[in-house]
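I opened the model to look up a sheet, a chain contact and a helix. My entries follow in that order.

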Amino acid sequence: MAAVAVIATSALTMRFGHVTALDGLTVDLPTGVTGLIGANGAGKSTLIKILLGLLPASSGRAEVLGLDVGTAGSQIRERVGYMPEHDCLPPDVTATELVAHLARMSGLPATAARERTADTLRHVGLYEERYRPIGGYSTGMKQRVKLAQALVHDPALVLLDEPTNGLDPAGREDMLGLVRRIGTDFGISVLVTSHLLGEVERVCDHVVVIDAGVLLSSSATADVTAVSGALTVEVTERASDLAALLQRGGVRVRPADPHAVGTGAAPAPERAAGALTVLEVELRDETTYDLVRDAVADLGVGLVRMQRRRHRIADLFAGEPESPA
Amino acid sequence: MTSPAGTTPSGGRPPAEQGVIYDIGYRNYTGPRLGRRHTTRALLVESLRGAYGLGRSTRSKVFPMILFAIMCAPAVVIVAVVNATHAHTLPLAYPSYFTQLQVVAAIYVAAQAPQTVSRDLRFHTMPLYLSRPLRRNDYVLAKFAAMTGAMLVLLAAPLVILYAGALLARLPLWEQTRGLLQGLAGAALLALILAGIGLVIAALTPRRGLGVAAIVTVLLVAVAVAGAVQGIAHTQGNDTLAGYGGLLAPFTLVDGVQVWLFGTTTNAVAGPPGTTGGLVFALVSLAVVAGSYGLLLLRYRKVSVS
């Protein structure tokens with residue numbers, strides 16, 4: 001990995017009394033879009049506060065953009081944008097007024113603040129509504145304003161704390177698309193936190209998983225996908241027979257978790273509760289497709305779908321795919 | 001999407017002339033990034049404007065503007081009367097003006113101090129400030145200065161009107177100028193004290209209504225208690241106690257400092273007793289200002305980032 005680390009921590013520990021929020025976290029994050037995954041209380045927000053230079057760590061070191069968080073907090077915050085998780089917008093001002101004011105708070109001169117505000121609000125997809133008071137905005141629009149204020153001073157890095165929180169599925173897609181664009185089109189490194197594993201992997205170059213303040217894994221998503229491919233195969237019936245048949249053909253098969261199937265469509269409840277219909281098949285090479293096709297034809301069952309998918313973050317926890325018992 | 005005006009590159013007009021908006025893509029900012037001094041000043045100016053509803057909705061302009069008008073109205077009337085009757089002095093000395101309108105000043109600080117600080121607490125806007133180069137102390141400094149400035153505008157504007165009217169009536173220039181300067185000095189001290197008390201109370205609660213009620217109550221109760229103590233002591237012939245009773249309310253406190261500094265006649269039941277009394281009034285004033293500033297710094301040390 002030749003990329004320069006935008007965030008580097010070593011043995012970073014944070015204790016609040018008896019609670020250890022971060023426990024010896026050592027991780028280097030490259031430029032690009034990085035997902036920070038962990039359950040609520042895993043230490044994500046604590047890490048962000050330390051990275052912004054607002055919370056002194058109990059021990060260990062952290063550097064952001066090559067600057068030490070303990071001594072160069074102001075300089076870091078000048079070049080970093082932060083989108084808080086919770087609602088933080090006053091309702092009685094317009095998006096334009098708020099974002100322009102916050103641009104000035106980041107050190108931009110008045111004229112530049114106005115120009116950047118107009119540009120940034122357009123980039124996050126706020127148009128005419130930006131002249132209306134924020135109190136009347138939908139959740140999705142508010143999230144866009146929060147994102148705009150984090151980008152308005154053209155930071156080198158943005159820290160996005162749960163940007164998809166409270167959004168409907170379409171809103172989530174839009175927000176994730178924006179996050180991806182920030183990394184690729186805008187050239188700004190992104191650290192995006194989420195407790196939803198499947199969500200961020202699609203837009204991230206790199207994924208860090210923490211749990212109870214301990215680093216579980218840190219790896220590039222491209223690496224993960226390259227190591228092994230998997231094929232999701234859904235049939236109308238007799239999936240166990242199909243699995244047996246495929247295993248005889250020499251590929252590894254396991255029943256897929258119906259809730260984790262990344263199609264966006266909710267699995268039919270009777271299927272999820274009842275007989276197995278979805279399989280996860282190891283994709284060795286092109287011949288695997290033929291193998292599945294032939295096996296399905298031999299059994300005479302209906303093939304609902306056969307879908308190549310990227311490795312999910314969940315598999316990072318699960319380890320090696322196991323054969324069905 | 002072919003345009004009817006011809007699609008060949010050579011024959012087509014430049015796209016801008018066809019009124020098509022093209023996404024010019026993300027542009028990086030290469031201009032200057034100004035330091036904390038600049039951002040503190042920008043926050044000060046924004047908050048000062050906000051204290052009069054400027055740059056906010058029309059609804060938030062109404063109340064401060066009405067109070068400002070009420071504060072200035074007596075000065076306008078006095079000026080009109082003095083000019084019409086060709087009087088030789090102003091009927092009201094500059095340093096006495098705020099005493100007559102202390103209720104208006106109290107209501108203004110009660111209404112606008114929560115507007116200045118509890119808004120950011122109530123809507124959890126503080127993380128947006130704290131994640132920027134500005135430090136907590138810069139925020140407190142900007143807000144304190146803005147609130148003081150807003151109070152000073154309210155207290156000084158009628159004095160300036162009086163001064164302009166006095167000059168128009170050809171009253172003695174030096175005497176009027178001295179009176180104005182004394183009045184402005186008192187106004188500045190009162191602005192600092194009221195801003196300090198108002199902001200400390202407002203910063204304790206994110207709820208605006210509660211802040212407004214608390215500030216009005218504290219100020220008016222202080223005035224009542226000071227008046228009662230002074231009155232009772234005075235009728236019992238204890239003028240020293242009557243004098244020190246003025247320490248209990250901001251308005252009589254500043255009045256006492258003016259008496260000590262400029263030798264003006266007191267507007268309270270009794271002025272500070274002697275030089276010692278004057279010194280005590282001045283020290284208490286400074287302690288109130290420094291104390292409220294210190295309390296605000298402490299309060300904002302505890303404000304969380306998320």
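**Sheet in chain A**

I looked up the pairing of strand E1 (residues 5-16) of chain A and found it antiparallel with strand E4 (residues 59-64) of chain A, over five bridges. I take strands as DSSP runs of E of at least two residues and helices as runs of H or I of at least four, numbered from the N terminus; two strands pair if DSSP finds at least two bridges between them. The model is predicted: local features need pLDDT of at least 70, side-chain atom pairs count only at pLDDT 80 or more, and totals for chains, interfaces and linings use all residues. Residues are numbered from 1 along each chain as its sequence is written, while chains are lettered from A and ligands numbered from 1 in the order in which they are written.

I then checked the whole sheet of chain A, which is open, has four strands in the order E2-E1-E4-E5 and is paired antiparallel. Strand E2 (19-30) and strand E5 (67-68) of chain A each have a single partner strand, so one side of each lacks a neighbour in the sheet. I count a contact when C-beta atoms, placed from the backbone, lie within 7 Å.

**Where the chains meet**

I found 35 residues of chain B in contact with 37 residues of chain A. On the chain B side, helix H1 (36-50) and helix H5 (126-130) each supply at least two residues. H1(B) gives the largest share, six residues.

**Helix H10 of chain B**

I looked up H10(B), residues 250-262, and recorded 13 residues. The helix reaches 18 Å from its first C-alpha to its last, close to the expected 18 Å, where the expected span is 1.5 Å times one less than the number of residues. Because 11 of its 13 residues are buried, H10(B) is largely enclosed by the rest of the structure. Buried means 20 or more other C-beta atoms within 10 Å of a residue's own, with C-beta atoms placed from the backbone. I listed Phe251(B), Asp255(B) and Trp260(B) among the buried ones. Their cover includes H3, H4, H7, H8 and H11 of chain B. Gly263(B) follows H10(B), with a positive phi near 70 degrees.

Conventions. Two residues are in contact if their C-beta atoms, placed from the backbone, lie within 7 Å. A residue is buried if 20 or more other C-beta atoms lie within 10 Å of its own, exposed if 12 or fewer, and partly exposed in between; C-beta atoms are placed from the backbone.
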